[in-house]
Amino acid sequence: LPTLITPTVLVLLPRLVLLPISLSLDISLLLLTKHYKIPSHPTMLLLASSNIALIYSTRSLSNTLELYLFSLLFLLLAVSSSAPFPARPNWHNLLPLGFVCALGTFNRPTFILFAATPLLFWFFSNVPNLTVSTIKHLLLFRLLPLSLTTLLPGLILLTTDSLYFGELTPAKLISV
C-alpha cells in the first residue's frame with residue numbers, strides 16, 4: 001500500500017476527481033444554451049475564458065462544488081420554470097432542487113446568496129400579475145414545497161456531520 005501512494009498519485013488524484021465535475025459544468029451549460037435557444041459556442045468560450053470560473057475551478061474543493069451546484073441549480077430551475085403558472089408543484093423537479101439548495105448551503109453558506117436571484121426568478125416565473133391570490137398560490141405551491149424539500153436533506157446533512165465530528169452522539173440523539 002505505501003508504494004501506491006506516490007507524489008504523482010497525490011498530484012493526479014484530485015485532478016481526476018475534479019474532471020467529472022468540470023465536465024458536468026460544461027454539459028450543464030450546453031443544456032442551458034439549448035433550453036434558452038442561444039448559441040453554444042460563444043457561451044462555452046465565455047466560460048472557458050472566465051477568470052472567475054477558472055479560479056473557482058482550480059482552487060479549493062468547496063469553490064468547485066459551489067460552482068458545479070450553482071450550474072446544476074440553474075439547469076433545474078430552467079426545467080422547472082417552463083411550467084405554466086397555476087400548475088401544482090412538480091415533486092420530480094422540486095426534490096432535486098431542494099437537495100441542491102441544501103447541499104450547496106451546507107457546502108458554503110454563501111451559496112444561498114448567489115442562488116437567491118435565480119430562485120426569485122423561478123419563484124415569479126410565468127406569473128401573469130401579482131394579486132393576493134397569486135401570492136398565496138406562490139407561497140403554497142412553490143415556496144412551501146421548496147422549503148420542505150430543502151429542509152429534510154439539510155437536517156440529514158447536519159445530523160450526519162454532527163455525528164461524524166463527535167458533537168452529537170447517538171446517545172444524545174436518542175435522549176433528545
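1. Let's start with Thr-149, which is buried, with a relative accessible area of 6%. (Buried means under 20% relative accessible area, exposed over 50%, and partly exposed in between, with a 1.4 Å probe and protein chains only.) This threonine is found in helix 7; helices here are DSSP runs of H or I with at least four residues, numbered from the N terminus. Leaving aside residues up to four places away in sequence, Thr-149 touches Trp-91, Leu-94, Leu-95, Gly-98 and Phe-99, where contact means heavy atoms within 4.5 Å. The side chain of Thr-149 also reaches the backbone oxygen of Leu-94 at 3.3 Å.

2. A word on what you are looking at. This is a predicted model, so local features need pLDDT of at least 70 and side-chain atom pairs count only at pLDDT 80 or more, while totals for chains, interfaces and linings use all residues. Residues are numbered from 1 along each chain as its sequence is written, and side-chain values use heavy atoms, with hydrogens and water left out.

3. How confident is the predictor? The mean pLDDT of the protein is 85, and 93% of its residues reach 70 or more; pLDDT is the predictor's confidence in each residue, from 0 to 100. Confidence is lowest in helix 3 (residues 51-58), at a mean of 78, and highest in helix 2 (residues 40-49), at 92. Keep in mind that where pLDDT is low, the predicted coordinates should not be read in detail.

4. Now for the largest nonpolar core, which has 16 residues. (A nonpolar core is a set of buried Ala, Val, Leu, Ile, Met, Phe, Trp, Tyr and Cys residues joined through side-chain atoms within 4.5 Å.) Leu-73, Leu-97, Leu-119 and Trp-122 touch the most other members. Helix 4, helix 5 (91-107), helix 6 and helix 7 (132-164) each supply at least two residues of this core, and helix 6 gives the most, with five residues. Not counting residues up to four places away in sequence, Leu-119 touches Leu-73, Leu-77, Cys-101 and Leu-146. As background, in soluble globular proteins nonpolar side chains tend to be buried together.

5. Which residue has its charged end over the ring of Trp-122? That's Arg-142, sitting 5.9 Å from the ring centre. The rule is that NZ of Lys or CZ of Arg must be within 6 Å of the ring centre and within 35 degrees of the ring normal.

6. On to the aromatic pairs: the structure holds four. Rings of Phe, Tyr and Trp (its six-membered ring) pair if their centres lie within 6.5 Å, with planes under 30 degrees apart counted as stacked, over 60 as edge-to-face and the rest as tilted. Phe-70 and Phe-111 have ring centres 6.4 Å apart and planes at 85°, so they are edge-to-face. This pair links distant parts of the chain, with Phe-70 in helix 4 (residues 61-80) and Phe-111 in helix 6 (residues 111-123), 41 residues apart. Phe-70 is partly exposed at 22%, whereas Phe-111 is buried at 0% relative accessibility. Phe-70, Phe-74 and Phe-111 form one aromatic cluster.

7. Finally, have a look at Ile-21 in helix 1 (residues 7-35). Ile-21 is buried, with a relative accessible area of 16%. Its contacts are Thr-64, Leu-65 and Tyr-68, not counting residues up to four places away in sequence. The C-alpha atoms of Ile-21 and Leu-65 are separated by 7.8 Å, although the two residues are 44 residues apart along the chain.

Note on methods. Polar contact = N/O pair within 3.5 Å; in protein donor to acceptor, adjacent residues only side chain to side chain.
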